[in-house]
Amino acid sequence: MNTATQVDTITVTINGETIEVPKGTRIIQAAQQLGVEIPTFCYHPRMLPNAACRICTVEVVKPMNKMFMACSTEMMDGMEVLTDSPRTLDDRRTNMDLLLTQHPLDCPVCDKGGECKLQDYSVKYGSSENPFETKRKDFPEDIRSTLLDFNSNRCILCGACIQVCTDIQKVDAIGFSKRGFITVVGAPMGEALDCEFCGQCMDVCPVGAITSRYSKYKFRPWQEASHQTTCTYCSCGCQYDLRSVDGEVSRVVPIEGVGPGEGSLCVKGHFGFHFMEDEERLTKPLVRRGDKLVEATWDEALTEAARGLMAAKTSGGGSALAGYVGGRLANEDIYLFSRLMRGVLESTNLDSTLRMGGINGVTAAYAATGQVGMMNSFDELRAADVTLLVGSDLTEEAPICGLAVKDTITRGEKPVLTVDSMRTEIMRLGSQRLVITPGSEVAVIKGLVKAVVDEGLIDEQVATRYPEAVAAIRDQLSGTYKEIETPTGLAKADIIEMAKAFAAGDKGVILAGPRVTGGLKGHSAFAMLIDLAFLTGNLSGNGGGVNALTVENNELGLALMGMAPELLPGGAPWSDSDARQQVADAWQCELPDFAGLPLVDQLEAMREGKIKAAYVLGTDPINALPSDMKAAASFGALDFLVVQELFLSETAKCANVVFPAQSYAEREGTFTNMEGRTQAIVKAMKAPGKARADWQIIMELSRELGGPLSYTSAEEIREDMAQLVPQFATLDETNADRAGGRQAALESYLDGAYVADMDYRYDLPAKLNEASSHEMHLYVGDSLFHSGVLSTHNWGLMKIDSVDTLVMNSREARKLKIREGDKVRLTSDQGSAVVPVKMDTRVQPGSLFFPKHALNRDVTNLAGTTISSATEGSAPLYKFVRVTLESVD
Amino acid sequence: MGLMRDIFMTELMGGMKLVFLQMFKPSCTLQYPHVKHNVPDGYRGLMSLLRYEDGSERCVGCSLCEAACPSNCIKVVSDEVPGQPLVRYAKEYYLDITRCVFCGFCTEACPVDALAMTKVYEASVYDRRELMFDKHKLYELGEAHLADGKAYLLAHNMDDGTLNPTEGLGDNRYEFPPVDLGEGVPVPTTVGLTREALEAEVAKS
């Protein structure tokens, strides 16, 4: 929200009512403030006025007597407007008649029927007889695209779809083609549409010209039940309206102006609603009898699980048990699981998918600023003067956060600086870019800090007020640029230029993606970024800040609930005995005083027989981790394994007891997005079979184990959580006082946090320069169309992107005589894999990209996993792989 | 005067006059169920779904009948015809006759003349579940009473000229044909039987 300090206001009159509005307000906006409805097809609050549909015509009486378009006319002081004068209505009627002259009368079979603006306005403003006559359009409907159907006969050529694609999504996938009566909207050159499929064009279409193939003819708006809920895919946490007909999801509709996305959705949120109804969903508890998992009753399964976990606890104490949890569970489940493991089973071997790198963003931020989560809200990202994006393909990993960054480009024409090993979409749109050797993010960050220090770009106030802190950082940067240039493949001048551009902006926002926190020295890299923000004056409450992007939708919930052996609820470290006592008091139990093992050590302890039983919730480590981490052998070596899942995952197949859980659409709860907004999910449909909500299962298991957990609703659990972690007290708010939070962050930073591990922080890892006989760099990461394995159970998303394809640079492929769809063999030190190829300029020559969600695990298994040191989060690093590529005939 | 009227019971005689006069008029009591009404074309009996001449379903599954229904007895599940993109049809169609108030709004809402009411008014059954009509049953009714359906739509001015091409369009709304008492139809053997006897009869056939 851009609030200028002094806004000139003007006084205007609409339909006799006087109102004061800021200068530059358009007639339609002022009318909305007064609650006066002006009809419009093409106007959209988040876009610039297009004035194409001409239906919003109003009569201006003063200062001139004339008809004006309400959507595009800025008001003048003393302006008087009539929105329903006879002259206005007459004009509108003519405009309606003109629009309806060519519009087909196929409302009964049109998916928009019942919520169509053209229908509504023709009843309200149209006439029963149309004086105009012409041949109706007769274009065949374009159904070539996988997802979106274009019916040009229904189109009123308002251009809203094209505008949303160009201005908000910045993809330019559709446009007008041909002229005059035969103008149509579609992909350029009459090709079939093949875009990001965000579906925003469909949402803004006032008529039924663009419709979804996945919901075709399946609903009527009045038949649908509406449920406002939170998206379960990426960490943006968009709010949407999950519509269902008779308990079956019919479609997802965005809610204008609500939630982090303000009404924008990406392809996953919009069209990935099929996994709940997948036939492979677990419907009954399964219990192992011999080699087989057989269906059992809840009583049997719970008793069996309690017996197995108790047996391990009696034989080896709490340390013989381990828990592993995924970032897709609701906060309530995570909280109860934490209490069950730590309070009831007295185990501290409790880890989560945060371990994959997210933990570094949490611990580094907490160490320096005493806070967890993003420093800026999405609104502040939109208002940033300069954005530095490091190691993240926002479009693919967090599309809606990406829209916020794109918004600074479109609306403010602000510089966006990107550092990445891939030529991402934001990089193409942004003002400056550094394309680096994969995996060398940490070196560039050091280079940027060095450039800020060396080139005298330090914020004046910071330099004068905190000379000690500045000197401490300066001491670490005495080396030459050589050590940065070699591993990154960049020139010194480029780094300095980017540092200058970042320091030049007033409000500078830094976004660090999973390739920073999940890379070599992820913890240090993020700490360096905090130093960078401090030096450029962006830590001192000017609206800038440093933000770690998370991947899974409730990863921040995991962090806030302390789901790692080194963390406590609230984000405090486990070693903090006061904080531990506080948790113990709240839970009225004794917390074990030994620190638990992180995932990697847990796996080893399982193989050695030290850990005898494990409880895995909502994640599939055997499938997700590369084979050289021996997850299958580790879980196989356990005496007892309990898995709680939606589907029979690879891990569940090894389990002794499998509990069927409910999906996000079948239960109540909350998710916390990367901004720190805690938002509710609601029950929209019936769960399949006997599946239960995760928190219910944990609670009942605790009861079997003689634990104290007893709740009747998710709401009740949240009240309990809020006492321990205040962020959970309010829903839907972006941690209101962000400026205050940043002030506290700065104080904490200056209070000794910046020097904590300074000597070690700026040492670049030796592995950066490691030579390899394999010349290609393969990155295994997130793809736009998928999120985790969950989305691969979605036939809708799988139809758009079947994920098992390697992406390589088009020019390089041409040089190697590889064509789209050809198969190639990848060879690494760990083995080889054969995959089909597709081309994209997103990947730079010498690099390859493979989606981590792929069903084909051969590529993931190519990785030779390195485990980062305990200070760097003990994260298994397997996403960057050196490979050799050869084509297979 | 009053006394004279009391003595000669003039009121009674006046009343009896009417009675005796009626004795000589032909009877207008219908011997239902031995004789049945010849109901007018606009009669709103059981609902039916109609097909086109080539046998394809008229209904496009637009759910407007469902929206128009005041007693919420219609349920339409629409979908795309498998293998035929962009062709909309009613995958399922349910009509709960037990709740139907026979108002005919659904037929008026139908944009494709797929719904028509037949002249069938004898809907009583022993099992209520039989009155939950599904799509199959409704099309069956439509086939069995096609002429009634066409006549209904013509009588209510809902025919677009395709159903009854020879009739032409006109204001037929309130033209009710006279009641034809006829010779009477043979009484079905099942009339008046107890339920057990009826079931035995059905089992026999």
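**Domain layout, chain contacts and local backbone features**

In the predicted model, the domain assignment divides chain A into four parts: domain 1 covers 4–84, domain 2 covers 286–358 + 556–726, domain 3 covers 375–548 + 746–761, and domain 4 covers 771–887. Between domain 1 of chain A and domain 4 of chain A, the C-alpha centres are separated by 53 Å.

The secondary structure of chain A comprises 32 helices and 34 strands. The radius of gyration of chain A is 29 Å, close to the 29 Å that the globule rule gives for 889 residues, so chain A is as compact as a globular protein of that length. Along the principal axes, the C-alpha atoms of chain A fill a box of roughly 90 × 70 × 65 Å.

Chain A meets chain B through 16 residues of chain A, which are in contact with 16 residues of chain B. The area buried between the two chains is about 1,300 Å², and carbon and sulfur atoms give 56% of this area. On the side of chain A, the residues that lose the most area to chain B are P108(A), Y217(A) and W222(A), which together account for 43% of what that side buries.

Charged groups also take part in the pairing of the chains, with 4 salt bridges counted between chain A and chain B. One of these joins K218(A) to D79(B), with the closest N and O atoms 3.8 Å apart. Polar contacts between chain A and chain B number 8 residue pairs, both residues of each pair being at pLDDT 80 or more. Sorted by class, the side of chain A that touches chain B consists of 8 charged, 7 nonpolar and 1 polar residues.

Several local features of the backbone were also identified. In chain A, K62(A) and P63(A) are joined by a cis peptide bond with omega of about 0°. P63(A) is located in the loop that connects β3 (57–62) with β4 (66–69) of chain A. In chain B, a cis peptide bond is found between Y32(B) and P33(B), where omega is about 5°. The loop that holds P33(B) runs between α2 (10–23) and β1 (47–49) of chain B. A further feature of chain A is the positive phi of E262(A), about 55°, although this residue is not a glycine. E262(A) belongs to the loop between β12 (248–254) and α6 (267–271) of chain A.

Conventions: Residues are numbered from 1 along each chain as its sequence is written. Chains are lettered from A and ligands numbered from 1 in the order in which they are written. This is a predicted model: local features need pLDDT of at least 70, side-chain atom pairs count only at pLDDT 80 or more; totals for chains, interfaces and linings use all residues. Side-chain values use heavy atoms; hydrogens and water are left out. Contact means heavy atoms within 4.5 Å. Buried area is the accessible area (1.4 Å probe) that two parts lose on being put together, summed over both. A salt bridge is a side-chain nitrogen of Lys or Arg within 4 Å of a carboxyl oxygen of Asp or Glu. A polar contact is a pair of N or O atoms within 3.5 Å; within protein, one must be able to donate a hydrogen and the other to accept it, and residues adjacent in sequence count only if both atoms are side-chain atoms. Ala, Val, Leu, Ile, Met, Phe, Trp, Tyr, Cys and Pro count as nonpolar, Asp, Glu, Lys and Arg as charged, and the others, Gly among them, as polar. Domain bounds come from an automatic or database domain assignment. Helices (H or I, at least four residues) and strands (E, at least two) are DSSP runs, numbered from the N terminus. The radius of gyration is taken over C-alpha atoms; the globule rule is 2.2 Å times the number of residues to the power 0.38.
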